[in-house]
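Hello,

Here is the structure I promised to pass on. Have a look at it first, and my notes on its aromatic rings follow below.

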Amino acid sequence: MKNLPSLLALLATLALGHLASAAAPAQPNIIVMLVDDMGVMDSSVPFLTDESGKPKRYPLNDYYRTPNMERLAARGVRFSQFYAMSVCSPTRISIMTGQNAARHRTTNWISPDSNNGGSQGPPDWNWRGMTKDSVALPRLLAANGYRTIHVGKGHFGPRDSEGADPRTIGFDVNVGGASIGAPASYYGTQDFGLKTKNAKAGVRGLEKYHGQDIFLTEALTLEANAHVADAVKAGKPFFLYFAQYAVHAPFNSDPRFADHYKSSGKPANAQAFATLIEGMDKSLGDVLDHLDKLGVAENTLFIFLGDNGSDAPLGHEHAVACAAPLRGKKGSHYEGGVRVPFIAAWAKPNTASPLQQRLPIAAGATQTQLAAVYDLFPTLLALTATKAPTGHAVDGQRLDTLLADKPDASHSDKFLMHYPHSPHRTDYFTTYRDGDWKVIYHYFPSDVSAGSHYQLFNLKADPFEQQNLATAEPAQLKRLMQGLAAGLEQQAAVYPVDKATKAALKPKVP
């Protein structure tokens with residue numbers, strides 16, 4: 001038959017189409033890349049916006065080099081007002097549980113070996129962190145058929161606790177996650193800190209790289225990509241929680257990028273910090289390239305964010321410096337301490353993809369509505385049709401509408417950040433944002449607050465927090481403080497204590 005070859009070709013095409021359809025994944029893959037101590041200004045991607053909502057560049061955006069963040073932002077949506085807690089462990093547990101730190105009560109970073117609540121901190125704060133009984137995102141996804149992969153920093157509990165091992169909370173795989181909040185060294189030649197005096201803070205699980213001239217960020221990336229490949233080979237949807245140790249101190253310079261900053265005029269530590277940023281960005285690009293090679297990029301949701309404000313070694317913690325033009329840095333009550341980068345994208349956008357139609361994400365968009373780290377939990381559960389246990393309180397709200405770059409009047413424009421501890425860059429405080437207004441309550445007035453319990457800012461008129469309106473706007477101060485106090489009570493927060501009586505010190509509404 002003259003037409004037999006073309007008929008056979010047609011049948012082969014139909015068969016391949018049927019196989020492709022049959023093999024179409026039922027669930028999306030999910031990657032959450034969480035970068036330690038990376039603030040909203042530590043990137044060449046401009047996250048802050050002008051009055052019209054368009055991204056606006058500032059000098060720090062021209063100092064840092066993050067081409068792969070730019071690549072990811074072009075594929076998806078960045079948020080200009082995305083919030084985290086001011087220190088790391090509270091944010092990490094909020095991502096896992098969907099709860100504000102005031103509710104889950106891990107309101108400070110977890111010291112591995114001693115309770116670091118502070119001399120007047122609440123005795124019943126959750127220093128022990130997460131346990132085998134905690135409701136946790138990886139456990140829920142694993143029960144729904146996902147292979148759950150943890151690579152990098154854990155910091156969910158102290159050294160002798162259940163949460164010290166991420167597998168306790170539902171991860172099938174753990175590479176490098178433990179109780180430590182920072183590596184003793186980024187260098188493979190130092191066995192990632194295991195050969196240093198601070199060996200207790202060495203990163204374990206990377207023995208195959210010991211003695212090699214390799215940077216920690218690179219070793220973790222190789223491991224992340226290998227475990228993703230294993231999941232794809234096994235035909236399993238995967239949840240990769242890639243929690244970079246970078247860019248946390250120590251500020252070990254990544255030699256691959258040091259030449260890019262040696263003529264910057266910045267101090268040596270600030271140059272080293274920039275190399276950590278660029279190394280993290282290379283890691284992001286390597287993961288994106290790996291998804292392409294595996295043929296799963298179209299089916300993979302990629303979420304990129306920081307865990308608290310910047311810790312770049314530039315300027316005073318309460319000044320306009322390391323997060324300029326924002327004020328403050330990690331641990332601070334100002335915006336530079338709690339505003340973080342956030343990008344969400346399908347790794348290979350395709351609006352015809354059935355999986356992507358479950359959660360449409362606008363490409364190249366900038367979302368200016370407020371959102372926060374605890375919003376990831378309900379968003380990812382909804383995307384994967386995974387249910388949280390009845391009775392588990394969730395403070396987050398789904399991001400679906402905002403990810404499509406549409407306004408969402410139902411999404412909260414409030415953010416509560418509770419830090420009833422010391423010592424840090426700001427001690428014993430709660431901040432509360434409601435729309436354009438933000439109040440900071442200091443339980444023990446200090447020089448930082450000019451001797452007052454209260455600082456009040458209108459972030460629309462004064463986005464960089466230069467004019468304290470607590471005295472000039474008594475009605476707004478009272479309204480914000482009422483909201484702050486009610487929010488803490490609603491979340492059953494714990495409070496600093498009076499030294500003499502040990503009684504809880506609740507906020508004073510003027």
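Rings of Phe, Tyr and Trp (its six-membered ring) pair here if their centres lie within 6.5 Å; planes under 30 degrees apart are stacked, over 60 edge-to-face, and the rest tilted. Over the ring of Tyr63 sits the charged end of Lys266, 4.4 Å from the ring centre (the rule asks for NZ of Lys or CZ of Arg within 6 Å of the ring centre and within 35 degrees of the ring normal).

Before going on, please note that this is a predicted model: local features need pLDDT of at least 70 and side-chain atom pairs pLDDT 80 or more, while totals for chains, interfaces and linings use all residues. Residues are numbered from 1 along each chain as its sequence is written, and side-chain values use heavy atoms, without hydrogens and water.

The count comes to 20 aromatic pairs. One of them is edge-to-face because the rings of Phe79 and Phe342 have centres 5.0 Å apart and planes at 80 degrees. Phe79 belongs to strand E2 (residues 77-79) and Phe342 to strand E8 (residues 342-346), 263 residues apart; strands are DSSP runs of at least two residues, helices (H or I) of at least four, numbered from the N terminus. Both Phe79 and Phe342 are buried.

Tyr187 and Phe215 also form an edge-to-face pair, with 5.6 Å from centre to centre and 75 degrees between the planes. At 24% relative accessibility Tyr187 is partly exposed, whereas Phe215, at 5%, is buried (buried is under 20% relative accessible area, exposed over 50%, partly exposed in between, with a 1.4 Å probe and protein chains only).

Best wishes
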